[in-house]
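Open the model in your viewer and keep the selection tool at hand. This tour goes stop by stop.

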Amino acid sequence: MSGCDEEQSVLTTELPPTDLDDCLRVRKWWCFLLSSIFTFLAGLLAVLLWRAFAFLCCRKEPELAPNDPKQKEQKASRQGKQDFEGTFMTEAKDWAGELISGQTTTGRILVSRTSSMSWAMG
C-alpha cells in the first residue's frame with residue numbers, strides 16, 4: 001500500500017460513526033423541493049408587487065384640452081423625441097451599447113480596462 005492509501009484507511013477506520021452519518025442516510029428531497037418552490041413563489045410575488053406598485057403610482061399625466069398652451073409646449077418638446085416609451089430591456093440594451101461603444105466617460109473607462117485586461121491575460 002502506498003502512503004496515500006494508508007492515510008485514507010487510517011482516517012476511515014479511526015472515526016466513530018456520528019449523528020452526521022445518521023442524518024445523511026435519511027434523504028429529505030421534499031425539503032429541497034419545498035424550499036425551491038417557496039423561493040420561486042417569493043420572487044414571483046416580489047415582481048408582482050413591484051408591478052402593482054408601479055401601475056398604481058406611476059400613471060401618465062392627464063390629457064390636456066386641445067387648445068391648452070401647456071399641451072402645445074409638450075408637443076413642441078416631443079417633436080425631437082420618440083413617442084415610444086422603451087421598456088426596461090430596451091433601455092438596458094441602449095445603455096449597454098453606449099458603454100461598449102465608449103461614447104461616455106464610463107464607457108471609455110470600461111473599454112480601456114477591458115482591453116488592458118485582455119492584453120495582460122494573454
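How far apart do the end C-alpha atoms of residues 29-50 lie, and how much of the span is helix? Select residues 29-50. The end C-alpha atoms lie 32 Å apart. The span is 100% helix and 0% strand. UniProt, in an unreviewed entry, lists residues 29-50 as "transmembrane region". Such annotations may be inferred rather than shown by experiment; feature names are shortened, and positions follow the numbering used here.

Some ground rules. This is a predicted model, where local features need pLDDT of at least 70, side-chain atom pairs count only at pLDDT 80 or more, and totals for chains, interfaces and linings use all residues. Residues are numbered from 1 along each chain as its sequence is written, and side-chain values use heavy atoms, leaving out hydrogens and water.

**The whole protein**

Colour by secondary structure. The protein has 6 helices and 0 strands. Helices are DSSP runs of H or I with at least four residues, strands are E runs of at least two, and both are numbered from the N terminus. Along the sequence the pattern is α-α-α-α-α-α.

Now show the surface. The accessible surface comes to about 11,900 Å², by the Shrake-Rupley method with a 1.4 Å probe. Carbon and sulfur atoms hold 64% of that surface. Buried residues make up 3% of the 122 residues. Buried means under 20% relative accessible area, exposed over 50%, and partly exposed in between (1.4 Å probe, protein chains only).

**The nonpolar patch**

Select Trp29, Trp30, Leu33, Leu34, Ile37, Phe40, Leu41, Leu44 and Leu48. They make a nonpolar surface patch of about 980 Å². Click Leu33. It lies in helix H3 (residues 29-57) and is partly exposed, with a relative accessible area of 42%.

**An aromatic pair**

Next, select Trp50 and Phe53. The structure holds 1 aromatic pair. The ring centres of Trp50 and Phe53 are 6.4 Å apart and the planes sit at 45 degrees, so the pair is tilted. Rings pair if their centres lie within 6.5 Å; planes under 30 degrees apart count as stacked, over 60 as edge-to-face and the rest as tilted. Trp50 and Phe53 are 3 residues apart in helix H3, about one helical turn. Trp50 is exposed at 61%.

How many disulfides are found in the whole structure? The search finds 0; a disulfide needs two cysteine sulfur atoms within 2.5 Å. For Cys57, the nearest cysteine sulfur is that of Cys58, 6.0 Å away. Cys57 is partly exposed at 49% relative accessibility, whereas Cys58 is exposed at 59%.

Conventions:
Patch = residues over 30% accessible without salt bridge, like charges linked within 9 Å, V, L, I, M, F, W, Y side chains within 5 Å. Salt bridge = Lys/Arg side-chain N within 4 Å of Asp/Glu carboxyl O. Phe/Tyr/Trp six-rings, centres within 6.5 Å; stacked < 30°, edge-to-face > 60°.
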